[in-house]
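Please examine the sequence and the three-dimensional structure shown below before reading the explanation.

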Amino acid sequence: MSLTRTRRLRQALAGERALMAPGVVDAMYARLVAEAGFEAMYMTGAGTSATRLGYPDVGLLTMTEMVDNATRIADASDLPLIADADNGFGGPLNVRRAIQLYERGGVAAVHLEDQVLPKRCGHLSGKQLISAEDMVAKVKAAVDARVDPDFVVIARTDALALHGRNAAFDRAEMYREAGADVIFIESPLPDDLPHIAPRFPGIPLLYNMATSGKTPFLTRSEIEALGFKLIIYPNWLLLSACEAARKTLEVLKREETIASVAPHVMSFKQFFDTARMAEVQELEARYGTPENSRTDY
Ligand SMILES: C[C@](O)(C(=O)O)[C@H](CC(=O)O)C(=O)O
């Protein structure tokens with residue numbers, strides 16, 4: 001029997017190399033990441049907010065909307081999914097329920113942050129924090145709520161940008177003591193990076209390769225050398241797709257035909273291949289769908 005997703009994630013976090021988790025916002029991106037041969041993926045809250053609501057990451061999505069999105073993504077591949085759980089959507093009891101639902105939804109790990117409600121993207125200004133003690137209670141609630149002991153609880157602190165390195169590190173240490181499995185120091189600048197791993201021996205660290213440009217665009221090997229074990233790439237796929245869509249729209253508006261775009265987009269066949277047409281065809285054959293009404297392309 002193959003290992004559970006949570007076990008595979010645990011093993012990867014204990015391995016030599018840093019695990020790369022491209023950010024996704026829906027099931028189709030999950031298919032693409034799996035096809036591309038990655039070993040994990042990440043559900044970005046910022047990207048989920050943009051695609052589900054058309055609004056930035058300012059805490060507008062509810063817990064059930066986030067869980068619903070994560071569940072669809074988890075269903076679309078067998079890869080461990082690390083999901084954004086924002087600030088846990090309330091107090092420790094809200095965290096407890098959120099963890100239960102994320103875990104039942106097939107998610108392998110979540111990150112929780114110490115921001116007030118409503119939160120905002122960690123790379124924006126205007127963030128505010130809850131007390132370290134209140135966050136410790138949430139981390140404990142998360143750890144207690146999981147059923148599978150391999151489910152990974154990632155504690156994120158947003159203190160660095162607001163109160164500096166010492167405050168961020170002190171908070172992270174408290175969250176580690178509260179039982180967090182992975183530490184996520186949000187929004188480090190280049191000068192901060194060499195100080196993080198020496199301060200947190202023995203616990204995997206997350207590197208957020210965000211698109212803001214504040215945290216440098218290092219290679220996997222460079223990030224490993226700094227002591228990080230998990231790299232998330234939150235919005236890169238979505239931004240690639242949005243840019244491509246914008247260009248397509250410009251051409252369509254100008255040329256009033258799609259002809260010159262057509263050769264440059266994913267083919268109709270590839271699109272359905274990625275969406276697992278083969279699986280649909282197999283199922284149709286197995287359940288005796290008459291030949292002339294089976295799906296084909
Ligand atoms: C990691 C993050 O929470 C996300 O929602 O993906 C964001 C990423 C981003 O907005 O680029 C963050 O707050 O860093």
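Predicted model: local features only at pLDDT ≥ 70, side-chain atom pairs only at ≥ 80, totals over all residues.

Residues are numbered from 1 along each chain as its sequence is written.

The protein is divided into domain 1, residues 5–234, and domain 2, residues 266–293; these bounds come from an automatic or database domain assignment. The C-alpha centres of domain 1 and domain 2 lie 35 Å apart.

A closed barrel is formed by eight strands in the order S1-S2-S3-S4-S5-S6-S7-S8, and the pairing is parallel. The twist from one strand to the next averages 25°. Helices (H or I, at least four residues) and strands (E, at least two) are DSSP runs numbered from the N terminus, and two strands pair if DSSP finds at least two bridges between them. Strand S3 (residues 81–84) and strand S4 (residues 109–113), for instance, are joined in the parallel sense over three bridges. Here Asp84 stands opposite His111 in S4.

Helices pack on this sheet. Helix H2 (residues 27–35) touches strand S1 (19–24) and strand S2 (41–43), and the direction of H2 makes about 150° with that of S1. Helix H6 (residues 132–145) touches S4 and strand S5 (152–157), at about 170° to the direction of S5. Axes are lines fitted to C-alpha atoms, for helices over the stretch in contact, and angles run from 0 to 180 degrees between N-to-C directions.

H6 also packs with helix H5 (residues 92–104) at an angle of about 30°, the two axes being 8 Å apart. On the H5 side the contact includes Val95 and Ile99, and on the H6 side it includes Ala141 and Ala145. Two residues are in contact if their C-beta atoms, placed from the backbone, lie within 7 Å. The contact of H5 with H6 comprises seven nonpolar, one polar and two charged residues.

Two backbone features deserve attention. Most residues other than glycine have a negative phi, and most peptide bonds are trans. Phe89, in the loop between S3 and H5, has a positive phi near 65°. The peptide bond from Leu117 to Pro118 is cis, with omega near -5°, and Pro118 belongs to the loop between S4 and H6.

Which residues come nearest to the ligand? Of the 16 residues around the ligand, they are Thr44, Gly45, Ala46, Gly122 and Pro234. A residue is near a molecule or strand if its C-beta atom, placed from the backbone, lies within 6 Å of it. The shell around the ligand consists of four nonpolar, nine polar and three charged residues. In this classification, Ala, Val, Leu, Ile, Met, Phe, Trp, Tyr, Cys and Pro count as nonpolar, Asp, Glu, Lys and Arg as charged, and the others, Gly among them, as polar.
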